[in-house]
Amino acid sequence: MSEAAFKDHFSAVAADYADARPEYPRELFAWIVSIAPARTLAWEAGCGSGQATRDLAAQFERVHATDPSAAQIAQARGPAHVRFAVEPGERCSLPDACVDAVCVAQALHWFDREAFFAECGRVLRPGGVLVAWGYQDIVVPPELHDANAALQAAILPYWPPERALIDEAYASFEWPFAAIAAPAFELRAQWTLPRLLGYFSSYSASKRYRDDTGRDAVAAHADALAAAWGDPQQVRTVQWPLFVHARRKDS
């Protein structure tokens, strides 16, 4: 993908995105390092504001974390052995055959996948792994189903078409390299109502709805969500269906 063709759905909500995204299960990152040929270097492409980066940094000696959005990288935080860079996934600054693991968290649907997979082939060392994962629609407690469904229906037309690739769990992708069976992982969080509303506001579809209509869909549905929730500081469990694809470059 050329930089001119980069579809930037997140720079305008970068600060909200950094605060609102759920954390991935730590077991996922322990598994990634267990299948990598070494733990010297991981490249995270499409790192956003670094939600997955920090957990990768706990497993690898160095992490090269990239995103084409300068606004997202400006929000990114990580330990000293993480290098953040404004770079597209289709062309990074790493040398050939130096990476133990390439990781993509909830971002591969935005990439020019043919170019990105070629870049993975270039930077991965023999036996290196490509791991890409994502999560689908939030699953809320039963008492919130109706209020959540109404909000999701309101913003549904405002999702970009790439959203359908998440819905299908990347099933149609033409993956490179040999497949590695991944265990099941669970993405869940313990949130208050303000935390949930912040998450909904960070959706790119919520921003597009605001830009198109001049109204705030989350604010319009907040009363219904609050009535269903009860005490807004009460902690409730929310979760997301999580899918993982893993591949190994020939050694």
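Modeller: Let us begin with Glu27, which is found in helix α2. Helices here are DSSP runs of H or I with at least four residues, strands are runs of E with at least two, and both are numbered from the N terminus. Please keep in mind that this is a predicted model: local features need pLDDT of at least 70 and side-chain atom pairs count only at pLDDT 80 or more, while totals for chains, interfaces and linings use all residues. Residues are numbered from 1 along each chain as its sequence is written, and side-chain values use heavy atoms, with hydrogens and water left out.

Is Glu27 buried or exposed? Glu27 has a relative accessible area of 53%, which means that it counts as exposed. The cut-offs are under 20% for buried and over 50% for exposed, with partly exposed in between, using a 1.4 Å probe and protein chains only. Glu27 and Val129 are 102 residues apart in sequence, and their C-alpha atoms are 17 Å apart in space.

Helix α2 covers residues 26–35. The largest nonpolar core has 57 residues, and Trp31, Ile32, Trp133 and Phe200 touch the most other members. Helix α2 gives the most to this core, with 6 residues. Such a core is a set of buried Ala, Val, Leu, Ile, Met, Phe, Trp, Tyr and Cys residues joined through side-chain atoms within 4.5 Å. In soluble globular proteins, nonpolar side chains tend to be buried together.

Two strands pair if DSSP finds at least two bridges between them. Axes are lines fitted to C-alpha atoms, for helices over the stretch in contact, and angles run from 0 to 180 degrees between N-to-C directions.

Within the sheet, strand β9 (residues 242–248) deserves a stop. It is mostly covered, with 6 of its 7 residues buried. Strand β5 (residues 124–135) pairs with β9 in the antiparallel sense over 7 bridges. Here Val131 stands opposite Ala246 in β9, and Tyr135 has Leu242 of β9 as its bridge partner. Strand β6 (residues 178–180) also pairs with β9 in the antiparallel sense, over 3 bridges. There, Ala178 is partnered by Arg248 of β9.

Phe177 has a positive phi near 70° although it is a residue other than glycine. Most residues other than glycine have a negative phi. With a relative accessible area of 26%, Phe177 is partly exposed. Gln106 also has a positive phi, about 55°, and is not a glycine. Gln106 sits in the loop between β4 (99–105) and α5 (113–123), and its 14% relative accessibility makes it buried.

What about the cysteines? The structure holds 0 disulfides, a disulfide being a pair of cysteine sulfur atoms within 2.5 Å. For Cys98, the nearest cysteine sulfur is that of Cys92, 7.3 Å away, and Cys98 is buried at 15% relative accessibility. For Cys103, the nearest cysteine sulfur belongs to Cys120, 9.8 Å away, and Cys103 is buried at 0%.

Let us finish with a helix pair. Two packed helices are described by the angle between their axes and the distance between the axes. The axes of helix α8 (residues 193–201) and helix α10 (residues 217–229) come within 11 Å and cross at roughly 150°. That makes α8 roughly antiparallel to α10. Angles under 35 degrees count as roughly parallel, over 145 as roughly antiparallel, 65 to 115 as roughly perpendicular, and the rest as oblique. The crossing of α8 and α10 is right-handed. A crossing is left-handed if the near helix is turned anticlockwise from the far one by less than a right angle, and right-handed if clockwise.
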